[in-house]
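I opened this entry to keep track of what I looked up, step by step. The sequence and structure go in first.

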Amino acid sequence: HNKSNTSNTLCTILISISTFNDKEAAPPKKMTSVTLLGTAQDGGVPQAGCACPRCIDVHTGKASELYPVSLGIKDANGKYHLIEASRTLPKQLRLWAESTRHLGESLPIISPISSLTLTHSHLGHIDGIGQFGREVIGYPKGSISLISGQRVIDDLGEKSYLDPFTPEIISNGSKVEVGEGVTLEFLRVPHREQECSETFGIVVRGKDKSILFLPDHDTYTETLGFHNMNTIKEWFRNISVDVVLLDGTFFSKEEVAGRRDDYTGIPHPSIGESLKLLGRRNDGDPEIIFVHLNHTNPVINDDAKRRAVEESGWGIGKQGQVWII
């Protein structure tokens, strides 16, 4: 009788150990994530040549550096995709790895990059692209998909930056499946096209969630008119997004008064204007987070200005934020 009980107990223990080991051996769930790798305007914070308190605070270690706006996407097969290529790329690839440790990321630095997408060709969105070439990372010829508009691709070709890339040219309405479980949808927006190139907002669409990345556009009147929409919320509902990373370059245009004569015509909607047009967040509204913050923007370090945004139900971008999509 005792021998039988001992035998049964041993059998139960072995079954439990076997079940535990089976759970340990189960393959990890495929997960698609998006990480915010930068929240600043093209110049970052600190900005070159600036001695404003926000920039000096970073220089003296009182505040953290803010990198130019960028997104990192990890698809369901574990491949990495980048939106925008800033000069702070080395720091952003480290931030990407550190920010996704809780999701099982083990790499010290994110690499290799399977695709690079560029919204347009203004400085802070492309000035790190040379780092993919032989002078720095040294990716093999044609090994990375480069997705952008025709004028961006042409301009980079003239500068001999295309060697590591295989270009894919997109236009308004284009959809590109960059990896398992991730499709990029392109929405053209008016933004200083006479200066450089066409500009696109990008919907990063996953299985469970979609994120609109819109760091730059000129005016709501022009953008909504281009897409035949009457209000911002109507447009966001129409394209069916859960999160909007929205152009928040300036809190108000007066931030740059005295710095340049034509400040009233700066082609970025201010956060103040956005708050007036958006009103308070209601049920069914997407999460709206302001990014592409100029170094003059008080939401960077002014609690009162930040509260004005948050009390309306919206948010300010934080480097290293992660969404599962």
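Leaving aside neighbours within four places in sequence, which residues is Asp 75 in contact with? I worked from a predicted model. I found Met 31, Thr 32, His 81, Gly 179, Glu 180 and Val 182 in contact with Asp 75.

**Asp 75**

I placed Asp 75 in the loop that runs between strand E2 (70-74) and strand E3 (80-83). I then looked for a charged partner. Asp 75 is buried but has no salt bridge. Lys 79 is the nearest side chain of opposite charge, and it is 6.3 Å away. A salt bridge needs the nitrogen and the carboxyl oxygen within 4 Å. I did find a polar atom of the Asp 75 side chain 2.8 Å from the backbone nitrogen of Asn 77.

**Whole chain**

I noted nine helices and 14 strands. Of the 325 residues, 50% count as buried. I put the accessible surface at about 15600 Å², with 49% of that belonging to carbon and sulfur atoms. Among contacts with a separation of 6 or more, 67% are between residues 24 or more positions apart.

In soluble globular proteins, nonpolar side chains tend to be buried together. I looked for such groups here. The largest nonpolar core has 26 residues, and Leu 212, Trp 235, Phe 236, Phe 290 and Val 309 have the most contacts inside it. Elements that each supply at least two residues of this core include strand E8 (182-189), strand E10 (210-214) and helix H7 (232-239). H7 gives the largest share, four residues. I checked Phe 236 and, not counting residues up to four places away, it touches Leu 212, Val 241, Val 244, Leu 246, Pro 286 and Ile 288. A second, separate core holds 24 residues, including Leu 71, Ile 83, Phe 186 and Val 243.

**Salt bridges**

I listed nine salt bridges in the structure. Lys 233 pairs with Asp 285, with the closest N and O atoms 2.9 Å apart. This pair links distant parts of the chain, since Lys 233 sits in helix H7 and Asp 285 in the loop between H8 and E12, 52 residues apart. Both Lys 233 and Asp 285 are buried.

Arg 94 and Glu 98 also form a salt bridge, at 3.3 Å from N to O. Arg 94 and Glu 98 are four residues apart in helix H3 (residues 89-99), so about one helical turn separates them. Arg 94 is partly exposed at 37% relative accessibility, and Glu 98 is partly exposed at 39%.

How values were computed:
Residues are numbered from 1 along each chain as its sequence is written. This is a predicted model: local features need pLDDT of at least 70, side-chain atom pairs count only at pLDDT 80 or more; totals for chains, interfaces and linings use all residues. Side-chain values use heavy atoms; hydrogens and water are left out. Buried means under 20% relative accessible area, exposed over 50%, partly exposed in between (1.4 Å probe, protein chains only). Lys and Arg count as positive and Asp and Glu as negative; His and the chain ends are not counted. A polar contact is a pair of N or O atoms within 3.5 Å; within protein, one must be able to donate a hydrogen and the other to accept it, and residues adjacent in sequence count only if both atoms are side-chain atoms. Contact means heavy atoms within 4.5 Å. Accessible areas come from the Shrake-Rupley method with a 1.4 Å probe; for residues, only the protein chains shown count as cover. A nonpolar core is a set of buried Ala, Val, Leu, Ile, Met, Phe, Trp, Tyr and Cys residues joined through side-chain atoms within 4.5 Å.
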